[in-house]
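Please examine the sequence and the model shown below.

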Amino acid sequence: MGLALSWMFACAAIEGQLIGAPQGAVPEVGGTVDDAPPLPPELDAAPLEGTREPGLPGDRLFAEDVLHDFAITVSDSAYRSLRDHPREEVEGTLAWRTQEFRVGVKLKGSSSFRTIREKPSFKIDVHAFESGQRIDGLKRLTLNNMIQDPTMLREHAYYWLAGRLDVAAPRQAYARVTFNGEPYGLYSLIETMDGRLMKRLFPDDPDGNLYDASGADFTYERDWFDVEVDGGIAPIEDDMAELVDAVVEAGDDDFAAMFAERFDQDAVLGYFAIDIVTGNDDGYVFNHHNYLPYHLAHADRWLLLPWGTDRSFTNEVSPYGDWQTPVAGVLAARCWEDDNCADSLHERIEAVLAVWEDGSFTDMLARTAAVVGPECEADVRRDKRCDIEDIEEFVEARAGEVREALE
């Protein structure tokens, strides 16, 4: 049964599972994870994708099949500041469920950037003005406008695959957003890349350094990494510079040994495999972009974490790249050139395809599309027409294309 047909059958089944903010409730000021309302029974029983155990910070926000309602409010002067200086944080309030939070608000984005008069992406800092304040145990929220994604499903599908395949990545959910009482449409709620996320992903090794890597790579020509989170423990002073030296200086015969010594090879290849199968032409493999390196401080190994995956499920590029979309990330390119590394990457790709084809992935897409499709159509601030079928067609054809290319 195709995704579009499954979507129609799933509509009636899922609507009763969606939990939004209670209408007409009087917010409580200064909410924390301790005074948050308990999970409804259907969410207590729901699987929590990508978590290691129940009760972690963010479990309410990122519970499966939940559509949130967020109301952001700022003063007139703060609105003018966001209009004229969008990257500068202003004070505002965020209402969620029965709680109201005093928060910092600013706009984000590069090619997807939109002004406050359009449909901007938001960074919400919950502890900006009250240092002990948390929303479901988290300090920050990221709200992406999905303005470049006509399906509004790409980030959700990518991070779902990562969670199912145990690849370190943020969690994702959806939220309807109003701003100063005006409907701003459907947003992708992404777990923010900060120290809290590192503690969830790496509970035994959360104190390393996390780097921003917009267009950076492990070469001298593109070595412009910036520390996103200073974990406080660096096994080697200036650890990124030392890593770049090791990658550059490794010859063809030494690459496999260097890769195994310096990186968590299983984790990195798992990330590469998802980028490849989803055709993510704006991630590390095909564009050395939208990823963050993390240094496991105690294990002294590096990982790459995906971010900004709204260009996944778009490009039917060969796993080996092509003239239009070559393999750009130096680690991925050199892995394909090494027989042992290439064999390991093949295995990770097969693992992605196994999940892709076992029915759970298409079921999840159909279930999510049942909610996202109508919300997309109702979103008057979107740039593109809604096109759920775009991801449906890609998913149906992609596994065969990848296997044929690998033969």
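The following text treats the pocket and then the packing of helices.

This is a predicted model, in which local features need pLDDT of at least 70 and side-chain atom pairs count only at pLDDT 80 or more, whereas totals for chains, interfaces and linings use all residues. Residues are numbered from 1 along each chain as its sequence is written, and side-chain values use heavy atoms, leaving out hydrogens and water.

The largest pocket is lined by 48 residues, and Lys108, Lys123, Asp212, Glu228 and Trp307 lie nearest its centre. By class, this lining has 13 nonpolar, 16 polar and 19 charged residues (Ala, Val, Leu, Ile, Met, Phe, Trp, Tyr, Cys and Pro count as nonpolar, Asp, Glu, Lys and Arg as charged, and the others, Gly among them, as polar).

Two packed helices are described by the angle between their axes and the distance between the axes. Axes are lines fitted to C-alpha atoms, for helices over the stretch in contact (heavy atoms within 4.5 Å), and angles run from 0 to 180 degrees between N-to-C directions.

| Helix pair | Axes come within | Crossing angle |
|---|---|---|
| H12 (residues 360-378) and H13 (residues 388-406) | 11 Å | roughly 175° |
| H8 (residues 265-277) and H11 (residues 339-357) | 8 Å | roughly 60° |

H8 is therefore oblique to H11, while H12 and H13 are roughly antiparallel to each other (angles under 35 degrees count as roughly parallel, over 145 as roughly antiparallel, 65 to 115 as roughly perpendicular and the rest as oblique). Helices (H or I, at least four residues) and strands (E, at least two) are DSSP runs, numbered from the N terminus.

In H12, Phe361, Thr362, Leu365, Ala369 and Gly373 meet Ile388, Ile391 and Val395 of H13. This contact has 6 nonpolar, 2 polar and no charged residues.

Notes:
On a 1 Å grid over the protein atoms alone, a cavity is a set of points where a 1.4 Å probe fits but cannot get out, and a pocket is an open set with protein on both sides within 12 Å along at least five of seven lines; lining residues have an atom within 4 Å of a point.
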